[in-house]
Amino acid sequence: MHKIHAAITAVHGYVPDYVLTNHELEKLVDTNDEWITTRTGIKERRILKGEGLATSDLAVPAVKTLLEKRGIGADEIDLIIFCTTTPDMPFPATANILADKIGAKNAWGYDLQAACSGFVYGLSTGASFIESGRHKKVLVVGGDKMSSIIDYNDRATCIIFGDGCGAALLEPNEEGYGIMDSVLKSDGSGREFLHMKAGGSLRPATHETVSAREHYAYQEGKTVFKFAVTNMADVAAEIMQRNCLVADDIAWLVPHQANKRIIDATASRMGISDDKVVVNIERYGNTTNGTIPLCLWEWENKFKKGDNIVLAAFGGGFTWGSMYLRWAY
Ligand code: UT7
């Protein structure tokens with residue numbers, strides 16, 4: 001019997017219609033298009049507008065279309081792993097809410113919180129359920145309504161983040177395609193540089209926490225940048241080495257979209273040319289858990305069966321990781 005790999009068999013994404021441009025941000029904070037473009041590579045990002053809409057509402061259209069593309073019903077999903085930093089509510093899990101909204105009546109599920117590395121953590125975790133033979137169809141969703149935790153008075157964060165969501169279906173493959181390896185890391189001492197101060201059990205919401213604007217994402221960008229550049233490149237190099245891959249073997253690098261300069265540093269460390277690097281940061285900014293699945297969705301038609309693809313991510317926590325997969329369709 002051949003080894004069972006977990007293969008991605010369908011992907012889809014969704015971004016909301018509203019486009020928040022750099023020029024619009026110039027009216028909100030002391031910034032300018034030239035600074036944002038040269039420092040981050042971002043030109044615009046999408047924002048989910050409208051009352052009563054949450055992260056699960058970004059996931060519903062992505063997942064519904066994914067299921068149509070794969071030709072299966074929601075009731076065939078065994079497990080939903082929802083990777084998000086902006087759950088609809090502190091509890092219940094957004095995975096449960098999504099299951100209800102799409103009619104995934106036979107699925108169990110949970111949320112996974114690893115900030116910007118969430119989707120890579122989620123694929124790796126989901127793969128274990130397939131590889132063990134326990135499940136046949138695992139849906140991994142990565143998405144965030146970052147605009148719900150961004151302070152549009154804070155130029156250090158509001159220029160970076162956007163809203164969006166993507167999803168991938170994992171199924172067993174015995175032909176040698178799918179997820180081959182992953183390297184996942186974390187270092188909780190990095191939490192002071194990227195976090196949300198209040199709203200958790202450490203500092204529950206009070207009038208004071210709201211007045212002090214502590215329910216927004218806080219980032220010391222320069223420090224996070226230094227760790228991200230080093231760690232994302234290190235972990236991508238490590239997965240190449242572990243799997244005896246040289247740059248020529250890799251068809252695509254799909255990096256987390258936090259900053260074009262971090263992406264370039266990772267590609268350069270791997271020796272990968274720009275034409276093999278998937279980048280859409282200029283249109284969506286950093287959608288946290290959404291970046292990698294949105295990239296997979298937008299590049300799906302360019303991927304060929306058997307392509308060696310490396311994913312790499314870095315995020316709050318700190319968390320970081322890379323994954324090597326052989327595209328299955
Ligand atoms: O996805 C999860 C992980 N997150 C990341 O990977 C993000 C990592 N960090 C970054 O991408 C970058 O640090 C930022 C894009 C957030 C900031 O870029 P930077 O090159 O690190 O800028 P900086 O914070 O060192 O600031 C440089 C200058 C400062 O002015 P002075 O002190 O040199 O006069 C800032 O006050 O730019 C100023 N500045 C801005 N100017 C215009 C900071 N933010 C802005 C802004 N517009 N939005």
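Q: Which residues come nearest to the ligand?
A: This is a predicted model, in which local features need pLDDT of at least 70, side-chain atom pairs count only at pLDDT 80 or more, and totals for chains, interfaces and linings use all residues. Side-chain values use heavy atoms, with hydrogens and water left out, and residues are numbered from 1 along each chain as its sequence is written. A residue is near a molecule if one of its heavy atoms lies within 4 Å of it. Of the 24 residues around the ligand, those that come nearest are T31, R39, R155, N259 and N286.

Q: How far from an oxygen atom of the ligand does a polar side-chain atom of H256 lie?
A: A polar contact is a pair of N or O atoms within 3.5 Å; within protein, one must be able to donate a hydrogen and the other to accept it, and residues adjacent in sequence count only if both atoms are side-chain atoms. A backbone N or O atom of G221 lies 3.0 Å from a ligand oxygen atom, and a polar side-chain atom of R261 lies 3.0 Å from a ligand oxygen atom. For H256, the distance from a polar side-chain atom to an oxygen atom of the ligand is 2.9 Å.

Q: Why is helix α10 largely enclosed by the rest of the structure?
A: Helices (H or I, at least four residues) and strands (E, at least two) are DSSP runs, numbered from the N terminus. Buried means under 20% relative accessible area, exposed over 50%, and partly exposed in between, with a 1.4 Å probe and protein chains only. The buried residues of α10 include L294 and W299. Helix α10 spans residues 291–299 and is largely enclosed because its buried residues number 7 of the 9.

Q: Against which elements do the buried residues of α4 pack?
A: In helix α4 (residues 94–102), the buried residues are T94, A95, I97, L98, A99 and I102. Contact means heavy atoms within 4.5 Å. The buried residues of α4 pack against α3 (55–70), β4 (79–83), β5 (108–112) and β6 (138–145).

Q: How many residues apart in sequence are the parts that the pair of F193 and F227 ties together?
A: Rings of Phe, Tyr and Trp (its six-membered ring) pair if their centres lie within 6.5 Å; planes under 30 degrees apart count as stacked, over 60 as edge-to-face and the rest as tilted. F193 and F227 form a stacked pair, 6.4 Å centre to centre with 25 degrees between the planes. F193 lies in the loop between β8 (178–186) and β9 (194–196), and F227 in helix α7 (residues 221–242), so the separation of the parts tied together is 34 residues.

Q: Is L169 buried or exposed?
A: L169 is placed in strand β7 (residues 163–173). Leaving aside neighbours within four places in sequence, its contacts include A7, L66 and V138. Because its relative accessibility is 0%, L169 counts as buried.

Q: Is F91 buried or exposed?
A: F91 is found in the loop between β4 and α4. Because its relative accessibility is 69%, F91 counts as exposed.
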